[in-house]
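Work through the exercises below with the sequence and the model open. Each task is followed by a solution in steps.

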Amino acid sequence: MTTTHLLFDRIDEPGLNTLQGYEKRGGYSALRKAFAIPQAAIVEEISASGLRGRGGAGFKMGQKASFLPKGEMAKYLVCNADESEPGTFKDRELMQKCPHVLIEGMIITTFATGINHAFIYIRGEYELQADILEAAIAEAEAAGFIGENILGSGHSLKLVLHRGAGAYICGEETGLLDSLEGKRGNPRLKPPFPAIEGLYHGPTLVNNVETLATVPTIINMGGAEYAKIGTEGSTGTKLISVSGDVQRPGNYEIVLGTSSREIIFGLCGGPKPGRTVKMWFPGGSSSPVLLEEDLDLAYDFDTLAKAGSMLGSGAIIVVDDTHSALGVAQKLTKFYAHESCGKCVPCREGTNWTHKMLARIESGEATPMDLDILASVQTQIIGNCLCVLGDAMAMPVGSIVAKFRDELEAEIEAASERANTVPVAPIQDAIPVGAH
Amino acid sequence: MSYFDKRPPVKRYEHGSRVPGWDEAVDLTKPPATVPDPALTPVPAELREKIETAMALYPDSKSASIPALHLAQKHHGWCSPEAIEQVACVMRLTPAYLTSVASFYDMFALTPKPKHDVYVCTNISCSLLGADEFYEQMCASAHGHEDIGVRGFECLGACEIGPMASVNGEYVGPLNLFDAQLIVEDLEAGRPVLEHKQLRNRAVADPQGRVADWTGIDPVGQEG
């Protein structure tokens with residue numbers, strides 16, 4: 001195994017999705033190793049690795065695990081496999097081709113934190129991956145890796161795969177917990193954070209698939225050794241999903257700190273010949289957009305944050321110069337307005353009105369002043385919602401309005417000229433009635 | 001004359017800013033729905049057993065409401081009032097509660113739906129590659145086929161094969177406009193859909209993730 005490919009090394013190998021194939025590669029050796037060391041030392045090892053959450057927020061996993069109260073009580077581990085951030089598809093490939101690495105990571109994490117009940121919340125659309133995971137869990141149960149007194153360690157675990165039913169908001173950790181409790185997936189007010197009061201009011205650790213799947217590697221390598229990969233603030237490797245206008249889209253594993261140009265042009269071949277990068281989303285559709293001049297930024301948590309964007313889920317979406325900024329913004333707002341759960345006002349109204357205001361630009365009814373209103377709506381959404389769904393629209397749309405203002409103004413001008421000569425069709429409500 | 005006098009009048013939505021039906025009064029002559037009486041609600045034995053198995057997996061059986069609704073939808077074809085009544089009866093919940101849950105999630109149909117689901121992703125990555133055109137073509141191709149339901153869907157998590165669609169849960173892509181007709185033909189003939197474009201057979205993009213003896217689809221060979 002090379003140091004740069006910890007999760008994706010020869011992942012296409014036939015049979016790797018079975019227990020036999022995984023064990024042939026040394027699978028479940030980290031589990032045996034973990035059972036031999038004290039529980040607190042495992043959490044320390046994870047902390048020492050500097051592993052940051054791979055789902056979007058980038059919170060240190062070791063720190064999150066240490067927030068869980070100690071002692072005998074019903075605690076839960078929930079693996080967030082909802083993966084519905086537009087542009088993100090890394091967990092899908094990992095779960096489909098190597099499900100046991102996730103299961104092993106979950107067993108180690110539950111052992112380290114004294115949890116006896118774990119769930120994998122997978123989005124309902126991933127039917128193939130859910131079937132594969134279900135089969136893998138059954139295999140692991142039959143082999144004695146899940147159940148009572150695993151491998152004589154005294155640790156017991158019940159692992160349940162839970163299929164969602166299509167809702168972006170259930171990728172938000174508290175929305176996910178409500179959904180897992182059998183309710184509508186509305187986010188909860190924080191605090192209390194899930195680590196204190198989460199699933200069934202018990203302390204709950206919620207982690208992304210990739211984060212948990214990295215745990216066996218950390219145990220095998222040692223936390224300090226893992227921390228040597230990548231940069232100081234962003235250790236290790238990251239699975240990234242590149243999509244949009246690139247010639248070789250797909251999932252790649254990179255060392256954090258690699259240049260973004262190297263990823264988009266080197267690995268993915270850049271846009272088609274003759275086209276240039278107009279903008280790119282560095283971390284899923286919720287991240288503020290970056291421009292061509294930002295391509296030399298190192299791809300890690302801190303550099304992207306300093307540049308005014310974020311690494312998010314590691315999903316790069318490249319938009320080339322054949323697309324209009326308005327079209328991109330409209331796609332985003334339509335999605336977020338459809339997916340807003342409606343629980344809090346800034347998000348429910350803000351996403352919907354932003355969508356309508358952009359439609360007015362297209363139909364020629366907007367004035368340049370509308371761009372100022374658009375921008376001010378976005379700043380009023382950010383930080384004022386129950387969860388980050390509202391922010392997830394406001395950040396990219398706000399950045400598009402700021403960075404492509406000239407283009408949008410020209411669009412307003414051109415559209416109103418069109419509208420004055422051709423009768424305008426009535427605006428259609430693009431958001432299906434009855435959608436949440 | 002100022003700019004504002006010249007502008008065309010602002011178009012308003014026909015139903016104002018509200019969703020139609022918001023002001024329909026509740027029928028107070030009907031009794032409020034309660035947990036259905038098991039004696040009066042026949043539940044197919046197979047469905048009951050599956051729901052009860054799902055309920056046993058969780059510390060709180062209410063957690064099984066989404067899995068149970070999936071099961072009922074599979075059994076009845078859609079989340080009909082009868083299906084919801086049966087789930088409510090087994091889970092000891094009110095039908096109103098389950099309807100509120102079912103209406104939240106995109107995959108549950110509260111109105112009768114066609115047998116085959118074609119979800120076409122129309123989100124950002126796919127639409128950059130022409131998903132909107134494909135969606136229109138797909139609607140046109142499926143026109144007149146009562147058992148095929150085409151739906152524009154949010155990101156399905158397979159942007160590398162954009163434009164893509166999920167046909168009865170099987171991910172296929174990258175699609176071109178001709179594939180719309182092929183999908184309809186495959187569904188009508190009961191064949192697996194677009195076997196040469198199924199995501200399950202696709203190799204990973206990362207060169208180090210690949211193996212030499214890969215027998216499925218190799219994205220590099222295809223696009224290089």
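**Exercise 1.** Count the residue pairs in polar contact between chain B and chain A, then describe the side of chain B that touches chain A.

Solution. Between chain B and chain A, 34 residue pairs are in polar contact, both at pLDDT 80 or more (a pair of N or O atoms within 3.5 Å; within protein, one must be able to donate a hydrogen and the other to accept it, and residues adjacent in sequence count only if both atoms are side-chain atoms). Next, the elements: helices H1 (3–6), H3 (65–76), H5 (95–102), H6 (124–128) and H9 (219–223) of chain B each supply at least two residues of that side (helices are DSSP runs of H or I, at least four residues, and strands runs of E, at least two, numbered from the N terminus). Then, by class, the side has 36 nonpolar, 16 polar and 14 charged residues (Ala, Val, Leu, Ile, Met, Phe, Trp, Tyr, Cys and Pro are nonpolar, Asp, Glu, Lys and Arg charged, the others, Gly among them, polar).

The model is predicted: local features need pLDDT of at least 70, side-chain atom pairs pLDDT 80 or more, while totals for chains, interfaces and linings use all residues. Residues are numbered from 1 along each chain as written, chains are lettered from A and ligands numbered from 1 in the order written, and side-chain values use heavy atoms, without hydrogens and water.

**Exercise 2.** Find which peptide bond leads from Lys190(A) and state its geometry.

Solution. The bond from Lys190(A) to Pro191(A) is cis, with omega near -10 degrees. Pro191(A) sits in the loop between helix H8 (173–180) and strand E4 (204–208) of chain A. Pro191(A) is also joined to Pro192(A) by a cis bond, omega about 5 degrees.
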